[in-house]
Amino acid sequence: METNTIPSETDVIVIGGGPAGSTCSTLLAQQGVRVQLFEREHFPRFHIGESLIPETYWVLERLNMLPKMQKSHFVKKYSVQFVNAAGKLSAPFYFWDNKPHECSQTWQVVRGEFDKMMLENAREHGVEAHEGIRVVDVLFEDNRAFGVTIHVEGGARRDVLAKVVVDASGQNGLLQNRFRLRVWDPLLNKGAIWTYWKGAYRDTGRDEGATMVLQTVNKKGWFWYIPLHNDIVSVGVVAPFDYLFKNRGDREQTYNEEVDRCAVVKERVSNATRATGYFATKDYSYRAKQVSGDGWVLIGDAFGFLDPLYSSGVLLALRSGEMAADAIVEGLATNDLSAAQIGKWGPGFNEGVDRMRRLVCEYYDGFSFGNFVRHFPDLKNTVTDLLIGDLFTDRVDKVWGPMESLHPSGKKAFPQWNDGTPQDLAVEKANELFLPDGPIPDGV
């Protein structure tokens, strides 16, 4: 692509074409805002995070994505189920039983396909989305962002000016790194190793697309088990970074050792064929100290990522993109593009993430869904509300007192995310993704 085909100025520039960037840009374009989106890669491209939770429905509805999803070949997901260290299965948490609405059926997606669908949908709504273009700098004057410098593959650099710059650059965090905003979570120091299996066991009926969360026998970590289309199942192990990566063998050896220790997973993949090599990632739990500045805002993984445990990643990307878009539209109408205006959604968003974070921390600290429901059967629906991603309401906060009542005597409260280590003091930490050698097959 020639850079001279790109306008020299626009209303909003979005850096990154993943779910957060495509959501924000689509909602802006729906309101008549001129949007230029720059994505450094070419879609489809591999990305982890395949399992959607039901509350994504409402953003997908605003994006006019639901008809596309309903016609897709993505596996339908109706529930989540937990397996403890002894191999005992909880009763499935069926979303429909909790909320009998169309939103209670969601999907297990291949992210390469899903993200490309989202980006194409943005184009259909009027977004000028460019792939293979890297944003190498954000331009500032008097601490206000006013555009970016772009670089086309094999081409020249040039500036594009805008009233607002939206950073949806993912875990690379362009502005987060520039301003040293990252805070590493003090508790969630985890890593993951995963691969894809063809022909692995899957349940039938409405359980066929269920996400399973299986605790390892030594309670050091857990497995995800996510059925995808084309007879592929994503199976990964999550555990503390030191346990998973220090004084262990290579990724293959470590993964197989953990499978051997989890009888339910081992049985389910016993007749399957591995479809890929072994992926790994680490140091992925962080947030930024602020969500916005004058003329710029962070969304999706460029703002923060929690944990893969309850599959909240895509929901938080979509919701942050939605909230930021609404604040920008309002700011453009009132000629107020200050940090306070375009980041006004940040405190409420963080409250929602904190609710999910607390549920994550409870699980890692030994929380049992089955035990909780036995003690408080009237709260099963409220716990399910949290699992489906109904995070942005204080109505669900009634579960925390009963959860605490099951804690051992003298247990201290979990430290907050912002009690973690700032970027400047954690020079040894870096979010990294390790891909297997060779091409990644289609369908994963």
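Predicted model: local features only at pLDDT ≥ 70, side-chain atom pairs only at ≥ 80, totals over all residues.

**Entry 1: Thr 56 and ground rules**

I started with Thr 56, which is buried at a relative accessible area of 1%; buried means under 20% relative accessible area, exposed over 50% and partly exposed in between, with a 1.4 Å probe and protein chains only. Residues are numbered from 1 along each chain as its sequence is written, and side-chain values use heavy atoms, with hydrogens and water left out.

Thr 56 is found in helix H2. Helices (H or I, at least four residues) and strands (E, at least two) are DSSP runs, numbered from the N terminus. I then listed what Thr 56 touches, leaving aside neighbours within four places in sequence: Thr 106, Leu 315 and Leu 318 are in contact with it, where contact means heavy atoms within 4.5 Å.

**Entry 2: helix H5**

Next I looked up H5, residues 111–124. Its 14 residues reach 20 Å from first C-alpha to last, close to the expected 20 Å; that expectation is 1.5 Å times one less than the number of residues. Which residues of H5 are buried? I get Arg 111, Gly 112, Phe 114, Asp 115, Met 118, Leu 119, Asn 121 and Ala 122. For background, an α-helix has 3.6 residues a turn, so residues three or four places apart point the same way.

The cover over those buried residues includes helices H1 (19–30), H2 (56–62), H3 (66–71) and H10 (313–334), plus strands E2 (35–39) and E7 (128–131). Just after H5, Gly 126 takes a positive phi of about 105°.

**Entry 3: the cores**

Which members of the largest nonpolar core touch the most others? Of its 119 residues, they are Phe 114, Val 148 and Tyr 310. H10 supplies the largest share of this core, 10 residues. My core criterion is a set of buried Ala, Val, Leu, Ile, Met, Phe, Trp, Tyr and Cys residues joined through side-chain atoms within 4.5 Å.

There is also a second, separate core of 23 residues, and Ile 193, Met 212, Ala 239 and Cys 262 are among them.

I followed up Tyr 310.

**Entry 4: helix H14**

Leu 387 took me to H14, where it is one of the buried residues. Why call H14 (residues 380–388) largely enclosed by the rest of the structure? Because 7 of its 9 residues are buried.

Gly 389 follows H14 with a positive phi, near 100°.

**Entry 5: strands around E15**

Then I checked E15 (residues 232–240), which is mostly covered, with 8 of its 9 residues buried. E12 (residues 190–198) pairs with E15 in the antiparallel sense over 9 bridges; for two strands to pair, DSSP must find at least two bridges between them. Ile 193 has Val 237 as its bridge partner in E15.

E14 (residues 222–227) also runs antiparallel to E15, joined by 6 bridges, and Ile 226 is partnered by Ser 234. E14 and E15 make a hairpin with 4 residues between them, and Asn 230 in the turn has a positive phi of about 60°.

**Entry 6: strands around E10**

Parallel or antiparallel for E1 (residues 9–15) and E10 (residues 157–167)? They run parallel, with 6 bridges, and Glu 9 is partnered by Leu 161. E9 (residues 144–152) runs antiparallel to E10 over 5 bridges, where Val 148 stands opposite Val 160. The E9–E10 hairpin has 4 residues between its strands, including Gly 154 in the turn at a positive phi of about 70°.

**Entry 7: cysteines**

Cys 103 is buried at 1% relative accessibility, and Cys 262 is buried at 4%.
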